Amino acid sequence: VQLQASGGGLVQVGGSLRLSCVAYRDTFSRYTMGWFRQAPGKEREFVAALNWSGSSMYYADSGKGRFTISRDNAKKTVYLQINNLKPEDTAVYYCARPLMAGSISWCSLMKYEYVYWGQGTQVTVSS
């Protein structure tokens, strides 16, 4: 399994970005997918998770109303739309997949639930 994230960049406060994560050599459509982020000097934290069909999702409180997670199973891609970017959104964003296929649950908010990780894409928000 290989996950490749892209779409990060340098944006001004209030701007938007759409991150993408493509899965290679994977039966992508069976799995919940997650997004996490890690700012310098901080722990990696949960951002959003989406079940296999795209019908059920979780968001971190910091992203509710601004983040939208979605997926296209035919393209083996999960997306994270980030609107109204804030300086505190500056971080490396990672996509991730758990080892086992299954239903989304509170465990999907936990980084230990995920085994496969993308390389990360940097998001920098300038004020």
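Q: Before that, where does the model come from?
A: This is a predicted model.

Q: Ok, how many helices and strands in the protein chain?
A: The protein chain has 0 helices and 11 strands. Read along the sequence, the pattern is β-β-β-β-β-β-β-β-β-β-β.

Q: What share of the contacts comes from residues 24 or more positions apart?
A: They account for 59% of the contacts with a separation of 6 or more.

Q: Charges, then: how many positive and negative side chains?
A: There are 14 positive and 8 negative side chains, and the centres of the two sets lie 6 Å apart.

Q: Switching to rings. How many aromatic pairs does a search of the whole structure find?
A: The search finds 5 aromatic pairs. One of them is phenylalanine 36 with tyrosine 114: the ring centres are 5.1 Å apart and the planes sit at 75°, so the pair is edge-to-face.

Q: Which parts does that pair tie together?
A: Phenylalanine 36 lies in strand 4 (residues 33-38) and tyrosine 114 in strand 10 (residues 114-117), so the pair ties together parts that are 78 residues apart in sequence.

Q: Which residues form the aromatic cluster?
A: Phe36, Phe46, Tyr94, Tyr114 and Trp117 form one cluster.

Q: Now some charged ones. Where does aspartate 89 lie?
A: Aspartate 89 is in the loop between strand 8 (77-82) and strand 9 (91-98).

Q: Is aspartate 89 buried or exposed?
A: Aspartate 89 is buried, with a relative accessible area of 0%.

Q: What does aspartate 89 touch?
A: Leaving out residues up to four places away in sequence, aspartate 89 touches Arg37, Arg66, Phe67, Asn84, Val123 and Val125.

Q: Arginine 97 next: buried or exposed?
A: Arginine 97 lies in strand 9 and counts as buried, at 3% relative accessibility. Its contacts beyond four places in sequence include Val1, Asp26, Met33 and Tyr114.

Q: How far is arginine 97 from valine 1?
A: The two are 96 residues apart in sequence and 9.2 Å apart in space, C-alpha to C-alpha.

Q: Where are arginine 25 and asparagine 84 found?
A: Arginine 25 lies in the loop between strand 3 and strand 4, and is exposed with a relative accessible area of 65%. Asparagine 84 is in the loop between strand 8 and strand 9, and counts as partly exposed at 42% relative accessibility.

Q: Last stop, strand 3. What's up with serine 20?
A: Serine 20 sits in strand 3 (residues 17-24) and is buried, with a relative accessible area of 17%; the cut-off for buried is under 20%. Serine 20 touches Gln4, Ala5, Ser6, Trp35, Thr77, Val78 and Tyr79, not counting residues up to four places away in sequence.

Q: And valine 22?
A: Valine 22 is found in strand 3 as well. Valine 22 is partly exposed, with a relative accessible area of 24%. Among the residues that valine 22 touches, beyond four places in sequence, are Gln2, Leu3, Gln4 and Thr77.

Q: How far apart are the C-alpha atoms of valine 22 and glutamine 12?
A: They are separated by 26 Å, with the residues 10 apart along the chain.

Methods:
Residues are numbered from 1 along each chain as its sequence is written. This is a predicted model: local features need pLDDT of at least 70, side-chain atom pairs count only at pLDDT 80 or more; totals for chains, interfaces and linings use all residues. Side-chain values use heavy atoms; hydrogens and water are left out. Helices (H or I, at least four residues) and strands (E, at least two) are DSSP runs, numbered from the N terminus. Contact means heavy atoms within 4.5 Å. Lys and Arg count as positive and Asp and Glu as negative; His and the chain ends are not counted. The place of a charge is taken as NZ of Lys, CZ of Arg, CG of Asp or CD of Glu. Buried means under 20% relative accessible area, exposed over 50%, partly exposed in between (1.4 Å probe, protein chains only). Rings of Phe, Tyr and Trp (its six-membered ring) pair if their centres lie within 6.5 Å; planes under 30 degrees apart count as stacked, over 60 as edge-to-face and the rest as tilted.
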